[in-house]
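Thanks for coming. I will take this one from the overall layout down to the aromatic side chains. Please look at the sequence and the structure first.

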Amino acid sequence: MNRTLLALFVIVIGFGACKKTTDPLIHYDEQKAIDDKLIQDYLKANNLTAKRTDNDTSGVYYIIKPGEEGVGNDLFTSSTQVTVGYTGRILTSQTVIAQTNEFHPSYRLSDVIRGWQLGIPLMKKNGKIRLFIPSRYAYGPYPQDSLHLPANSVLDFDIQLYNVIN
């Protein structure tokens, strides 16, 4: 009887291993390499010099132009509320997906995409930043229909920080 159970177990595991998965997170490392190359190629093609937000681990790049650093020395935590103006684009097409124009929304830092959580604390009040965000720090493998944003989109944001409240 033990041999029968063992054989059945091996067969079930064997068929389970052959099952094709549709889990989008399975290809995380592959997408990470694709995103990083897209950002690097874009920066090079447009002669842009950008820094990484956290010592080369996130893949989020940023540019703060001289004279656009802003003022102050605010502390940022996950509960910090920021008031911003921004334009968001899909990096590869430069299609605008979101723009605030005259409206400046406020968000709690913990409620925004991870790329913003890494980039906004690099700013000072009234400062401006350009963020290049790989898909894994934006919406990942999940399309955002309301933004007309395909899955695995690399994003390009221009952000101005108007206010910081702790």
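Buried here means under 20% relative accessible area, exposed means over 50%, and partly exposed is in between, with a 1.4 Å probe and protein chains only.

Before going on, two notes on the source. This is a predicted model, so local features need pLDDT of at least 70 and side-chain atom pairs count only at pLDDT 80 or more, while totals for chains, interfaces and linings use all residues. Residues are numbered from 1 along each chain as its sequence is written, and side-chain values use heavy atoms, with hydrogens and water left out.

Now the layout. The protein has 3 helices and 7 strands, and along the sequence they follow the pattern α-α-β-β-β-β-β-α-β-β. Helices (H or I, at least four residues) and strands (E, at least two) are DSSP runs, numbered from the N terminus. Take the contacts between residues at least 6 apart in sequence: 68% of them join residues at least 24 apart. A contact means heavy atoms within 4.5 Å.

The accessible surface comes to about 10,400 Å², and 54% of that belongs to carbon and sulfur atoms. Those areas come from the Shrake-Rupley method with a 1.4 Å probe; for residues, only the protein chains shown count as cover.

On to the rings. A search of the whole structure finds 5 aromatic pairs. Rings of Phe, Tyr and Trp (its six-membered ring) pair if their centres lie within 6.5 Å; planes under 30 degrees apart count as stacked, over 60 as edge-to-face and the rest as tilted.

One of the pairs is Tyr 42 with Phe 132, which is tilted, at 6.0 Å centre to centre and 45° between the planes. Tyr 42 lies in helix H2 (residues 28-45) and Phe 132 in strand E6 (residues 128-133), so this pair ties together parts that are 90 residues apart in sequence. Both Tyr 42 and Phe 132 are buried.

Another pair, Tyr 107 with Trp 116, is edge-to-face: 6.0 Å centre to centre, 75° between the planes. Tyr 107 is partly exposed, because its relative accessible area is 25%. Trp 116 has a relative accessible area of 5%, so it counts as buried. Ring pairs also link Tyr 86, Tyr 107, Trp 116 and Phe 157 into a cluster.

Last, a loop residue. Thr 49 lies in the loop between H2 and strand E1 (51-52). Thr 49 is exposed, with a relative accessible area of 73%.
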